[in-house]
Amino acid sequence: HEQLLQTKEMNHVAMADYVDVLATNLYRRLAPSNIQLELIKELSPVKLSMDQAVPAGLILNELVTNALVHAFKEKTHGSGKLKVSFYELAGDCVILISDDGLGLSHSFQAESDSGVGFEIVSILTQQLDGSFKRVGGIGTTFEVRFPIVSST
């Protein structure tokens, strides 16, 4: 989060650059070496206040780390994909972290079946007055959505 503290404009953080560096660094450090894992980043030019950028960065760190560490742990060869999306939609900031790895049980509920990491994501999302949920599909996709608050 050193990059957040070094931002030139203290009122807003250009999140696309920050998310790009964060996801790339986590990928380089944690990607499984036994498979060809593709990191896909879909990042829009969203600006957040520092009060929102810090928890959003922590959420991203937790969800991307979780995917890199757990989603492909049983795969011994082949390939996989991890997609990090960050964009604005109707005044909300949307974070999607999606992988085509192991997946979770269909009954999994992020709010109740979670370990410490998901509990942290839930708390940070609540601080942002947002929502945190698992989205259906192949592998695992988590969505965090919160209203963008303009700082003056």
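I began with helix α4, which lies across β6 and β7 and runs at about 135 degrees to β6. I keep in mind throughout that this is a predicted model.

I next compared the length of α4 with what its residue count leads one to expect: at 1.5 Å a residue its 12 residues should span 16 Å, and the end C-alpha atoms are 17 Å apart, which agrees. Just after this helix I noted Asp-129, which takes a positive phi of about 55 degrees.

Which residues of α4 are buried? I listed Gly-117, Phe-118, Val-121, Ser-122, Leu-124 and Thr-125. I recalled that an α-helix has 3.6 residues a turn, so residues three or four places apart point the same way. When I looked for what covers the buried residues of α4, I found that the cover includes α3, β6 and β7.

I then turned to the sheet, which is open and has five strands in the order β2-β4-β5-β7-β6, with mixed pairing. Its edge strands are β2 and β6, each of which pairs on one side only, and neighbouring strands are turned by 10 degrees against each other on average, direction ignored. Within the sheet I followed β4 and β5, which pair in the antiparallel sense over eight bridges, and I saw that Leu-82 stands opposite Asp-99 in β5. Another helix, α2, lies across β2 and β4 and runs at about 170 degrees to β2.

A search of the whole structure for aromatic pairs gave me three. One of them joins Phe-132 and Phe-142, and I recorded it as tilted, with 5.4 Å centre to centre and 35 degrees between the planes. Because Phe-132 lies in strand β6 and Phe-142 in strand β7, the pair ties together parts that are 10 residues apart in sequence. I checked burial as well: Phe-132 has 5% relative accessibility and counts as buried, and Phe-142 is buried with a relative accessible area of 4%. Ring pairs link both of these residues and Phe-118 into a cluster.

Last, I examined the largest nonpolar core, which has 37 residues, and noted that Met-15, Leu-48, Leu-63, Phe-86, Ile-95 and Ile-97 touch the most other members. Among the elements that give two or more residues to this core are α2, β5 and α4, while α3 gives the most, with nine residues. I looked up the neighbours of Ile-95, leaving out residues up to four places away in sequence, and found that they include Ala-56, Ile-59, Leu-60, Phe-86, Phe-142 and Val-144.

Notes: Residues are numbered from 1 along each chain as its sequence is written. This is a predicted model: local features need pLDDT of at least 70, side-chain atom pairs count only at pLDDT 80 or more; totals for chains, interfaces and linings use all residues. Side-chain values use heavy atoms; hydrogens and water are left out. A nonpolar core is a set of buried Ala, Val, Leu, Ile, Met, Phe, Trp, Tyr and Cys residues joined through side-chain atoms within 4.5 Å. Buried means under 20% relative accessible area, exposed over 50%, partly exposed in between (1.4 Å probe, protein chains only). Helices (H or I, at least four residues) and strands (E, at least two) are DSSP runs, numbered from the N terminus. Contact means heavy atoms within 4.5 Å. Rings of Phe, Tyr and Trp (its six-membered ring) pair if their centres lie within 6.5 Å; planes under 30 degrees apart count as stacked, over 60 as edge-to-face and the rest as tilted. The expected span of a helix is 1.5 Å times one less than its number of residues. Two strands pair if DSSP finds at least two bridges between them. Axes are lines fitted to C-alpha atoms, for helices over the stretch in contact, and angles run from 0 to 180 degrees between N-to-C directions.
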